[in-house]
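Subject: Structure handover

Hello,

Here is the structure for you to look through. My notes come after it.

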Amino acid sequence: MSAPPRRGPDSTPEPPQPAALAAGAHGPVERRDALLLVGASLALAALGGCDEAPEHGHPLHAPARAVDGAAASADYATVLELDGLARGVVVRTRGGHAVKLEGNPAHPASLGATDIFAEAAVLSLHDPHRSRRIRRDGRPVPRPMLDAALAGAREELVPRDGRGLRILTGPVSSPTLARVIGEVLAAFPEAAWHQHDPLAGDGAQEGAVRAFGQPLAVVPDLSRARAVLCLGADPLGDMPGHLRHARDWITARRDGRRARLIVAEAAPSITGARADRRIPLHPAEAEPFARGVAQALGVEGLAAAGTHPAAEIAAELMAAGPDALVLAGRREGATVHALAHAMNARLGSTVLRTLPHPLARPEPMAASLAALASAMVAEEVTHLLILGPNPAYDAPAALGFEAALRRVPFVLHLGARQDETSRLCAWHVPMPHELEAWGDCRAFDGTPSIRQPVTATLADEARGPVELLSALLGAPVTARAAVEATWRAIWAGRDFDAAWAEALETGVAGGAAVPLSLQLREGWDQPSPPMPAGLVAAFAPDPGTHGGAEAHEAWLQELPRPLTKITWGNAALMAPATLAELGLSPGDEVELGLEGRTVLAPCWPVPGHVPGCVTLPLGGGRRAGGPVGEGRGFDAYALRPASGAWTMPGLSLRSTGRRTPPVTADSHHQIDPVEAVRSVKPGGALPQPTRDASLHPDWPYPGHAWGMAIDLDACIGCNACALACQAENNVPVVGPLAVSQGRAMHWLRVDRYHHGAEENPASSFQPVPCMHCEQAPCEPVCPVNATLHDHEGLNVMVHARCIGTRTCSNNCPYKVRRFNWADHRRSLDTPARNPEVSLRPRGVMEKCTYCSHRIAGARSAAANEGRALQDGEVETACQRACPTRAITFGDLNDPGSAVSGARRDGRHYAMLGQLGTRPRTTYLARVAADEEPS
Amino acid sequence: MSDNTIPVAEAALRPGAWGFRLAMAAAGAGVVVLVASVAAVLVRGVAVWGNNIPHVWGFDLIAYAWWIGIANAASLFAAVLVLRRHGLRTAVNRFAEAAALAAILAAAAYPILHLGRPWLFLWTLPYPAYTGLWPQFGSPLVWDFWGIMSHVVVTSLFWFIGLIPDLASMRDRAARHGRMRAARAYGILALGWRGSVAHWHRHQAAYRLVAALVLPLLLWAQTVVALEFATTLVPAWHQARLPLHVVVTGLPSGLGVVLALAAVLRQALSLERYVDERDMDLLARLLASAGLAAGMAYAHELLVGFLEEDPTTRDALAARVFGGGAPAYCGAVLLSAVLPQLLWLGALRTRTLIVVPVGVLAAAGVWLDRWSIVVGGLLRDHMPAVGPEYAPSVAEWGLLGGSVALFAMVLLLFGRLVPAVSMFETRHEESETEAEREER
């Protein structure tokens, strides 16, 4: 270790070889040498801090005016993974720091939109609780020691062909990682690769194998479908490609080709909330229902008959013929999936694509993990590399993975943070964040993308899975080199540099997979035994923490879950009737028992939930991984059966007599129709009110007059707008106590309303930013002129002038103003903050500004180019994030603008318009579901 | 100086009895709590209170309106006595003035403390700032500034002018006892009063003039507080009748406090001769009348409220009266309107053990009414409830209890250092009575 290896953009870094260790790689490192190495690595870390980003990506757009390097802004196209599959994003950087993510319009899984997990990636990149050091038994060690350990492992494994070596990854769609794993398996033929994904849809894999003999991905085309039956599927919410499906769904709906969306599910999902017909279906009825529909459709080859009263909806599918499709959700069993495939085949559906599975090796993940666990118990595993997942937390407790892990002599955990698994592993290696490392992965439809770093690494010792595996192979390569090698091979015969540059610029490295043409196999229908009676435990991914993997994201923890409005935790969700039957009130603590395992959880009613079933959101009760996620809610994995099943009968439920209510942003369960959300029949229009006379003269707007229209028919309640706003405007996280006190700071909240019977209500969502009223009630009551009307009609808040009387909030009928009860500036003043939006001190009011900094930016950009602002040039953060383009923003003075067009729509209305506030933010009424087939 | 006023002056200058010390100790402890509560809100911000969105106001505005109500009723009482040259003024109007002053000082602290950035309260004052910005004169909060400032000035003047001849008596008495420092201090405050006929003439004119000023100002201050609510769009607050409601329902608190104070002080300072049974009887009748007026205001509220065309306004009233706000509303009606009706029974009016609790409970009832308006008024808004209910924190209770303690301490010190019963008027009245007797 004579000279620290310098890294440069052109030279591939040469990691120190084990041979360079003075004390030798085989013996223990001497204390003095260890100190030397620690010193050297510190020096390296310091150097890393000053260096130019060594492996930076290509800016998508050159900055308009680069004043200097530090202030330069640049946008990069890259991809983020969810469930192992890619969504394209464009990352905005300021002075080298990633500050905001937006969707990549060129990427099929984004089309310019984002979801909450993508928005929150900026926060996890800058998370102070990220793991930054290589550790052995919990103590930081210099990197060469890890290299030595890997070399030692290699020397042990080579003679026995890798027997005892196991690799555990999450779902892998990355061609490069799959290639490198393949190389490891080739070099060590006795080794094995396992995958673990607690949220995997194993039923889909098995169902596809039963139906067609191979795993595959069913990709619906909601832009063309006329009737869609969702068997527990949530295409707008958590299905791979959900952003795309949401856009397709609304495109058809806007064009007057409304797909009739029929959702049969146990617990309400956001697709269920937007369904034209929602059928509450107990998990035990899922298969009989699917079978009944299949029978009514005349599917051939049914092994058993099934009936269900609601199976008459088959007629609607039949009427739509090839424009109909059946989707089964990730939580459904193999039989339901096979039935769905058979129904689609029977309908001759042309509105779906049957594609090769985008994962490199699709397999039932629960079985894969169980095989690893049993091998570990049998002490067949000597070396285990856990590359990413956190099985000590999210493996089913019944599997005993933690105990089995202790039997493995060499366990290396690669992870972004020190979590439940790393605590049990001898070695922990920090994993680079997705925004700071090279990689590649595939989208839901197989479209590959290259992931490029958008920022200098913030954890210098971090190493990706490819780097670790190649080190194990004895031929270390950098992630970039490995990705390049993969794509050099794939693009053989093309100009690599041009293809590479294009892939980085567009964020897409190829097209979608070619659809398969498959025939239904004989014997595809294997009926499951009927579910025994009793209360059913239905596990489900928590919509905020994505099964716990995102539990460290404070933005996500504080974001009210779409339907339950629970924040900072989870609860056992059940029908209000079930709650009443058990004599419980919302927030009572119950002891849940399943197969002898117990866990304590608060109970919470969800209108529309099916009785006789309790939904247990997976992702709470983290025991490690940082203070944000630890101890929030209860750990439903502790109840999950070893099979990793999504539903399990035999749940027992006992009140403990204590109360542990979850933190909710909405403590009111009443179902009442409010006038805030209006609806019309398809093709209908609202009566347009005449403008009330006002004593106040109108404001003159010679220039622009900004306005926003939100289409409630398009809103699916996904919360992307709320989180985009939080990221864009430096909105603080206040913590569970302050949320429970009603002091959350979200500038844009998404209200949820239930209408109708609580057994199966219609639900609707309403994003509520500041209304920027023409006659703003907040303005005249402020004693110090801190909130004013500007020359373009914005209701602006002058933070520096505010003395905090809070009168404006009192007089705001929409309650969109937020007060800084505490000083949040310290928590916000990180590199992740948007430098274009000021931080607010304690004691002042704040609220939505219509992203006035974006308006100012667009105005000056246009002025520099000597032209007028074009419609669509100013996009607010919420508008940009929305997957269904529900939010329109623009100039009301321009009759040709999209927002002016929305205002002329028959569905247009102003919320609380009768108060005479003349809001600038207005709504388009929801189009009510008509119960008759269209 | 007539011998008759000696016990009064003695009471003020008498070294503290144990009861006085005990009361001072309790009030002092309360003031410590007040200081801690004020420090908490200044250092840690309004977050130490239970406020939230939508309940941006809670104890702060409740206590503010309540204290102003006490101050108003007490000043109103004293001013009416002065203007009508009623015999009762000889006895209790000094108490009433003192109570009003202490209450207005307690009230004035709240609008400043409740700000997010209290150190910037100056921005509500119209002064030529370097920023070139003026307050927004259309905001009821600016009117409120004028209201509370006028109230403080006029109440202080009223109290002080009435005190001048007595301060001169104190000066003379202290000088006679050879306590020259005290004599000088009283002398400065007595503004060179020598008791000449010209002095008496001007004094009477000034006293009546300020008393006359008090009357519209009292309505104004309470009205402005009400306007802060009435000018909003909140359905339960957006009422033209709210100023009248707040003025009328505020009366029992001030009268109740004055009655209770009179009853306590007359026993504690052995002033039965000066605050006699007839005085107490009249005060009690006034409280009962105020209760009746408040009761009519409540009846009017229900009558008008449920005849309202707008369903949201009706729902808001229903939620406040029958729904979640029922306990506070019913408590307010019972304590401030119904309970004082007991005092129509002559046998109860003169019993200290009856009138003190009735007076204090009437004040508590008015506090509940303010709660019912400020907190209960938000039970039903135009949008469904967006936040949890309002729950006051320890710091808020500390501030309320502490300000009550400060009020008590000011009154105790008042009784200790300056004559509580106006000596000159007592003397004046006695001389008139004597003259009448002689005439017969």
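Below is what was found, by topic.

Please keep in mind that this is a predicted model.

Cavities

There are 17 cavities of 30 Å³ or more in the structure. Four elements of chain A each give at least two lining residues: α6 (202-212), β9 (216-220), β13 (324-328) and α11 (334-347). By class, the lining has 21 nonpolar, nine polar and seven charged residues.

Salt bridges

Side chains of opposite charge can pair when their charged atoms come close. Over all chains, the structure has 62 salt bridges. One of them joins A:Asp276 and A:Arg253, at 3.8 Å from N to O. This pair ties together distant parts of the chain, 23 residues apart. A:Asp276 sits in the loop between α8 (270-273) and β12 (277-280) of chain A, while A:Arg253 is in helix α7 (residues 242-254) of chain A. Are these two partners buried or exposed? A:Asp276 is buried, because its relative accessibility is 4%, under the 20% cut-off. A:Arg253 is buried too, at 7%.

Helix α16 of chain A

A:Glu484 has a salt bridge to A:Arg480, 3.0 Å from N to O. The two are four residues apart in helix α16 (residues 479-490) of chain A, so about one helical turn separates them. A:Glu484 also pairs with A:Arg488, with the closest N and O atoms 3.8 Å apart. A:Arg488 and A:Glu484 are again four residues apart in α16, about one turn of the helix. A:Glu484 counts as buried at 18% relative accessibility. A:Arg488 is partly exposed at 45%. Elsewhere, salt bridges with shared partners connect A:Arg92, A:Glu102, A:Glu728, A:Arg854, A:Glu875, A:Arg880 and A:Arg885 in one network.

Chain B

A nonpolar surface patch is formed by B:Trp134, B:Phe137, B:Trp146 and B:Trp220. Together they have about 430 Å² of accessible area. B:Trp146 belongs to helix α5 (residues 140-176) of chain B. B:Trp146 is partly exposed, with 38% relative accessibility.

B:Leu292 lies in helix α9 (residues 277-307) of chain B. With a relative accessible area of 43%, B:Leu292 is partly exposed. Its C-alpha atom is 9.8 Å from that of B:Val248, 44 residues away along the chain.

Best regards

Key. Residues are numbered from 1 along each chain as its sequence is written. Chains are lettered from A and ligands numbered from 1 in the order in which they are written. This is a predicted model: local features need pLDDT of at least 70, side-chain atom pairs count only at pLDDT 80 or more; totals for chains, interfaces and linings use all residues. Side-chain values use heavy atoms; hydrogens and water are left out. Patches are made of residues with over 30% relative accessible area and no salt bridge: like charges are joined within 9 Å, nonpolar side chains (Val, Leu, Ile, Met, Phe, Trp, Tyr) within 5 Å. Accessible areas come from the Shrake-Rupley method with a 1.4 Å probe; for residues, only the protein chains shown count as cover. A salt bridge is a side-chain nitrogen of Lys or Arg within 4 Å of a carboxyl oxygen of Asp or Glu. Buried means under 20% relative accessible area, exposed over 50%, partly exposed in between (1.4 Å probe, protein chains only). On a 1 Å grid over the protein atoms alone, a cavity is a set of points where a 1.4 Å probe fits but cannot get out, and a pocket is an open set with protein on both sides within 12 Å along at least five of seven lines; lining residues have an atom within 4 Å of a point. Grid points are joined across faces, edges and corners, and a volume is the space filled by probe spheres set on the points. Ala, Val, Leu, Ile, Met, Phe, Trp, Tyr, Cys and Pro count as nonpolar, Asp, Glu, Lys and Arg as charged, and the others, Gly among them, as polar.
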